[in-house]
Amino acid sequence: APESAAGLADGSPAAGVPLPYLSEGSFWPGSQTTVREHMAANVITLPSTITVKEAAMLMNEKRITGAPITESGKLIGVLSRSDILRLVAGGPGHAKGGDGGGDRVTRLLDIEAQPVSGVMSSSMITVSPDATILEAAQLMVPSGINRLVVEEAGEVIGIITSTDIVRIALCDELSEVSYD
């Protein structure tokens, strides 16, 4: 079951992982605003049956680096550009092609035709829209992920990314703190 800043899927409180450089009660500007205030609400989701090539082309066209994968309207995973890169590069869990040119072409055609359901990450972490930006950051950092799917009542309603959080912390008006 996905973990969430609002709690685990069974409703128990999530074990927040405090960042080592933030002391108890220490906040940065914008850290206590909600995910709902900053998430991208027009989420592009991909069906689990779409091919890797179709997904890569759509992600490139829409200028996104990842997307939730759904099956019958239910979130089942997340596909990232890194997942596709690992597949193309023959990374862990993906066989490399042979040395012959024909083998590389065959391998690439096989990659293109694969459904995203075989490439996506199915162990995902979701976040509540009512979680704070700090809680979202605390979910991302130890997990090494750059995006959280925002779910409410079992439905995908948004995405919050590490880029959003850096912008909130350091680039938005909220971050313009006077150090006089």
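Where do R86 and D83 lie, and how many residues apart are they? Hi everyone, let's begin there. Both sit in helix α3, residues 81-89, and they are three residues apart, about one turn of the helix. By helix I mean a DSSP run of H or I with at least four residues, numbered from the N terminus.

A word on the model before we go on. It is a predicted one, where local features need pLDDT of at least 70 and side-chain atom pairs count only at pLDDT 80 or more, while totals for chains, interfaces and linings use all residues. Residues are numbered from 1 along each chain as its sequence is written, and side-chain values use heavy atoms, leaving out hydrogens and water.

R86 and D83 form a salt bridge, with the closest N and O atoms 2.6 Å apart. The term here means a side-chain nitrogen of Lys or Arg within 4 Å of a carboxyl oxygen of Asp or Glu. By this rule the count comes to six salt bridges.

How do the two partners sit relative to the surface? I'm using buried for under 20% relative accessible area, exposed for over 50%, and partly exposed in between, with a 1.4 Å probe and protein chains only. D83 counts as buried because its relative accessibility is 8%, whereas R86, at 38%, counts as partly exposed.

Now come along to helix α6, residues 162-171, which holds both D164 and R167. These two are again three residues apart, about one turn of the helix. Their salt bridge has its closest N and O atoms 3.8 Å apart. D164 has 16% relative accessibility, so it is buried, and R167 is partly exposed because its relative accessible area is 30%. Elsewhere, salt bridges that share partners join R36, D130 and E152 into one network.

One more pair for you: E61 and K62. Their salt bridge has the closest N and O atoms 3.9 Å apart. Is E61 buried or exposed? E61 is exposed, since its relative accessible area is 57%. K62, at 42% relative accessibility, counts as partly exposed.

Let me finish with a leucine. L109 lies in helix α4, which covers residues 101-113. L109 is partly exposed because its relative accessible area is 48%. Which separation do we get between the C-alpha atoms of L109 and K53? The answer is 9.2 Å, for two residues that are 56 residues apart along the chain. Thanks, everyone, and I'm happy to go back to any of these pairs.
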